[in-house]
Amino acid sequence: MLHGVDLSIAPGEVIGLLGENGAGKSTLMNIVSGSLKADAGRVLLDGREVQFGSVRDGIEAGIRFVHQELSTIGSLSVAENIFLGDYFAGRSGLVDRNRMTQGSLEALAAVGLEHVDPKTDVDTLRPGQQQLIEIAKAIVVEPTLLILDEPTSSLTPFEAKKLFELIGKLSASGVAVIFITHKLEEALANCHRIVVLRDGKLVSDEAAKATDKARLIQHMVGKTSVFEWGGSVMQPGQPQVEIRGLRDEHHLKPIDLDLNAGEVVALFGLVGAGRTEFMETLFGFRRAAAGSISIGGVPLRLGHVPTSVRNGIAMVPEGRKKRGILPSHSVERNITLSCLESLSRLGFIRGSAERTGAARLARALHIRMATADQQITDLSGGNQQKAIFARAVMAGPRLLLLDEPTHGVDVGAKSEIYEIIHDLARKGMSVVVSSSELPEVFAIADRCVVFSRGDLVGNLGRAEMTEHDILRLAFANH
Amino acid sequence: MSNGTSNAGSRLGAILARRETSVALILLLVLIFMTLANEFFLTQRNLLNVGRQASVVAMVALAQALVIISRGIDLSVGSVIGLSAVTGALVAQETGSQVLGIGGALSAGLACGIFNAVLYTRFHINPFIATLGTMSIARGISLLMTGGIPVSFSGWASWFGAGRIWGIPASLLLMLLLAVIFYVLATRTRVGRNIYATGDNPTAARLAGIDVDRTRGLVFAVSGLVAGLGGLILAGNLASAGPDLGRGYELDVIAAVILGGTALAGGRGSIPGVLLGALLMALLGNAFVLLGVSSHWQVVTKGLVIILAVAIDGVRRGRED
């Protein structure tokens with residue numbers, strides 16, 4: 001993941017760490033904080049080499065990492081969360097509530113939550129407030145190095161301002177801060193130095209005053225693109241899918257989108273931009289709050305996956321293990337799952353039709369297996385993913401939704417999956433691929449639709465697609 | 001080693017690795033031991049008696065197996081047996097109609113099953129909790145309906161419970177018929193496939209277009225209906241429907257399902273395995289009666305056998321990891 005990264009930070013310094021999804025930011029910080037081990041290289045603290053066996057070791061050495069995902073425990077009080085694992089319990093083993101409350105009040109005031117009662121349960125607070133509780137927890141004992149992973153993504157502008165004041169104070173008292181963010185202005189305004197990672201390499205390390213937004217995007221994008229575009233040369237097909245004002249109950253703004261037959265459309269956006277939510281709402285897996293969808297001119301009943309599948313939508317979800325495979329089932333039964341209706345007569349599955357159907361797709365998608373009766377978990381990750389693909393394709397969809405289809409598959413399987421996507425488009429399917437990797441977008445897309453903060457902010461044809469413009473749009477609402 | 005023998009070897013290994021095999025082996029040991037220990041054991045009359053005793057547990061276990069394969073559990077079956085029997089008996093008594101009595105018993109069972117299904121799929125109550133509630137409600141209603149006093153239930157119901165066809169107990173034949181139907185359902189039909197898929201990975205099944213809620217609702221409804229049939233048979237056999245009928249049956253039923261190799265985590269299990277499990281439970285009961293051992297020991301032994309069968313399985317799997 002990482003390739004020979006050198007980075008140093010002085011006491012009181014604030015560094016902004018930038019990079020695309022998967023550039024290696026979190027990996028690097030996990031190594032520094034002790035939750036991952038480096039394959040090579042050293043971590044020096046005050047000039048002495050340290051080797052952390054666990055996060056606990058890191059914390060004892062004064063390194064605190066506040067993760068992007070909340071790790072507060074909802075059923076415990078604010079005070080108990082702040083002092084989690086160390087309740088001032090004396091020799092008696094009893095928790096000293098007074099000292100805990102007192103300490104919490106100070107920590108809460110520091111992060112701008114002076115109005116929160118330390119005795120309230122954390123799950124009654126907003127996510128943004130919970131994020132601040134995590135930061136409070138990290139600074140109860142003043143750390144040497146504080147790492148914050150996208151701390152402002154769930155904060156209101158006012159809370160964010162308070163947080164930056166706190167970071168300023170910590171910096172003044174000698175705490176080093178590393179600050180991972182996607183918001184370029186935020187980094188430029190609040191950091192001393194800005195470091196950019198790309199593909200696991202450190203590509204730039206500049207003073208915040210000496211750089212600007214355009215330059216940072218340039219660093220993040222680079223220009224290497226591994227895969228050649230094998231896109232469709234056919235004329236844009238007939239309009240096939242019409243989406244109007246579609247939104248879910250939480251994340252999405254109303255989305256309009258038209259899809260043509262034989263077209264591959266990439267959905268690009270940062271993590272949390274709403275791509276998955278959009279796809280799931282379109283598919284009926286997530287409840288739609290408003291909007292309409294029609295396929296081939298026929299309106300679709302929203303919010304019911306079996307209806308969507310019957311009317312020609314299929315989806316390959318992100319997260320093969322959790323949401324894709326049936327682990328105790330054979331490869332064959334995994335493949336045929338979405339089209340049992342057409343394989344059966346009067347409710348009875350026709351065994352021979354099932355066998356030949358699954359075999360045809362396994363061949364077409366080059367699934368490497370000993371027999372179709374093999375349990376799917378015996379296959380490699382890439383071949384499992386191709387089996388899930390086969391399932392979606394076998395349903396005979398007119399609209400195929402792919403959510404991060406190449407996550408966790410190796411390079412070989414990746415290029416095979418790209419070929420499959422193009423083949424399917426050539427047969428007249430509309431294919432929508434959600435991707436957070438720009439090289440992938442360029443390898444497959446006829447068109448790129450950009451999401452930012454739950455809104456569709458850009459729709460670029462192949463000729464207009466540049467890495468710079470796509471990223472600029474993705475950061476549009478940040 | 002040639003390819004052929006290694007293949008045969010691995011196939012044999014696969015068979016040995018199944019829990020059904022452990023249970024079949026225990027079953028065989030009990031059979032051999034009992035044949036040697038008691039001359040009455042291997043008589044037609046006794047074996048048919050074992051079959052009759054096994055039939056209600058086996059029937060209800062067949063339906064329970066589908067519930068557990070779909071990653072649910074139905075704790076209410078024992079109480080539903082009682083409520084169905086009482087309902088059937090009272091309806092027959094009030095209307096004087098045998099058909100309505102039988103219909104009443106089956107409808108009461110089905111209604112309980114649908115109630116569970118609605119609690120689970122519409123109100124998203126964990127099936128363990130939902131059916132625990134139904135278990136108590138159904139038992140309470142049977143007590144209320146009867147005032148705690150058994151109701152006589154003879155006529156056609158006795159045929160289900162004690163009747164014979166060609167000398168074979170009708171309940172045993174009914175159980176075998178149900179076993180064939182459930183086997184075909186589980187292995188050959190789309191509904192069966194949906195049940196396995198739902199239990200193996202509900203999210204993946206939903207995303208593949210399977211109507212997970214309908215599948216879950218169906219298995220609970222079937223479980224209730226079959227429990228209703230069980231109540232009819234048990235009451236018919238005694239010619240009386242007591243409000244306490246079927247108390248504790250849920251444990252025997254779930255034990256038979258688990259003994260038969262069904263995974264509580266869902267997605268795996270077989271109908272023949274469930275039959276083996278139910279048969280073993282009945283055989284143990286018979287053995288204790290024939291050997292004249294206190295029935296209190298029977299309770300302890302049942303528990304031990306369940307733990308033993310699952311432990312053999314667990315130890316073997318543990319070694320694989």
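This is a predicted model: local features need pLDDT of at least 70, side-chain atom pairs count only at pLDDT 80 or more; totals for chains, interfaces and linings use all residues.

Student: What is the radius of gyration of chain B, and what would a compact globule have?

Tutor: The radius of gyration of chain B is 20 Å, which agrees with the value near 20 Å for a compact globule, because that is what the rule gives for 321 residues. Along the principal axes, the C-alpha atoms of chain B fill a box of roughly 75 × 60 × 35 Å.

Student: What share of chain B is buried?

Tutor: Buried residues make up 53% of the 321 residues in chain B, while carbon and sulfur atoms account for 68% of its accessible surface of about 14,200 Å².

Student: Which residues touch the most other members of the largest nonpolar core?

Tutor: Those are F153(B), F182(B), L232(B) and L280(B), in a core of 81 residues. Helix α3 of chain B, residues 44–69, supplies the largest share of this core, with 16 residues.

Student: And what does L232(B) touch?

Tutor: Leaving out residues up to four places away in sequence, L232(B) touches I102(B), A105(B), F153(B), A157(B) and F160(B).

Student: Switching to charges, how far apart are the mean positions of the positive and negative ones in chain B?

Tutor: The mean positions of the 21 positive and 13 negative charges of chain B are 6 Å apart.

Technical notes: Residues are numbered from 1 along each chain as its sequence is written. Chains are lettered from A and ligands numbered from 1 in the order in which they are written. Side-chain values use heavy atoms; hydrogens and water are left out. The radius of gyration is taken over C-alpha atoms; the globule rule is 2.2 Å times the number of residues to the power 0.38. Buried means under 20% relative accessible area, exposed over 50%, partly exposed in between (1.4 Å probe, protein chains only). Accessible areas come from the Shrake-Rupley method with a 1.4 Å probe; for residues, only the protein chains shown count as cover. Lys and Arg count as positive and Asp and Glu as negative; His and the chain ends are not counted. The place of a charge is taken as NZ of Lys, CZ of Arg, CG of Asp or CD of Glu. A nonpolar core is a set of buried Ala, Val, Leu, Ile, Met, Phe, Trp, Tyr and Cys residues joined through side-chain atoms within 4.5 Å. Helices (H or I, at least four residues) and strands (E, at least two) are DSSP runs, numbered from the N terminus. Contact means heavy atoms within 4.5 Å.
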